[in-house]
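Look at the sequence and the model below before reading on.

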Amino acid sequence: MAITLEVRVFHGLLEPLEPIDLPEGTRLKVIITGNEDNQAKETEQTSKWARLAEEMRRESPLRGHSADLLKLIQEFREDFTFRHDE
């Protein structure tokens with residue numbers, strides 16, 4: 001079996017840029033080849049803000065922290081007073 005797909009390195013891991021239709025746990029042998037032309041073109045066409053937004057969409061910095069964030073928001077609301085309330 002041979003599959004060709006594009007990946008990117010994200011936090012030290014290879015991340016497929018398209019879905020892979022393989023059963024979970026399938027072991028594969030991976031051969032890595034560079035794709036400098038495509039990478040340069042993608043970098044030129046995509047702004048740094050668009051790349052950052054895409055990165056945050058794929059790997060949210062808040063993942064796993066939602067309960068802590070909600071607790072902090074609740075504490076803020078309980079302790080907050082408007083100037084006209086004083």
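**From the chain to a turn**

The accessible surface of the protein chain comes to about 8700 Å², and carbon and sulfur atoms account for 54% of that area. The model is a predicted one. Of the chain's 86 residues, 2% count as buried.

How many helices and strands does the protein chain have? There are three helices and two strands. Read from the N terminus, the order of these elements is β-β-α-α-α. Contacts can also be sorted by how far apart the two residues are in sequence. Taking contacts between residues at least 6 apart, 34% join residues that are at least 24 apart.

The two strands are β1, residues 7-10, and β2, residues 13-16. They run antiparallel, and four bridges join β1 to β2. Together β1 and β2 form a hairpin, with two residues between them.

Histidine 11 is found in the loop between β1 and β2. In this turn, histidine 11 has a positive phi of about 55 degrees. Is histidine 11 buried or exposed? Its relative accessibility is 63%. Exposed means over 50%, so histidine 11, at 63%, counts as exposed.

Glutamate 59 is 48 residues away from histidine 11 in sequence, and the C-alpha atoms of histidine 11 and glutamate 59 are separated by 9.6 Å.

Definitions and conventions:
Residues numbered from 1 in each chain as written. Predicted model: local features only at pLDDT ≥ 70, side-chain atom pairs only at ≥ 80, totals over all residues. Heavy atoms only, no water. Buried < 20%, exposed > 50% of the residue type's maximum accessible area, 1.4 Å probe, protein only. Contact = heavy atoms within 4.5 Å. Areas by Shrake-Rupley, 256 points an atom, 1.4 Å probe, with all protein chains shown as cover. Pairing = 2+ DSSP bridges.
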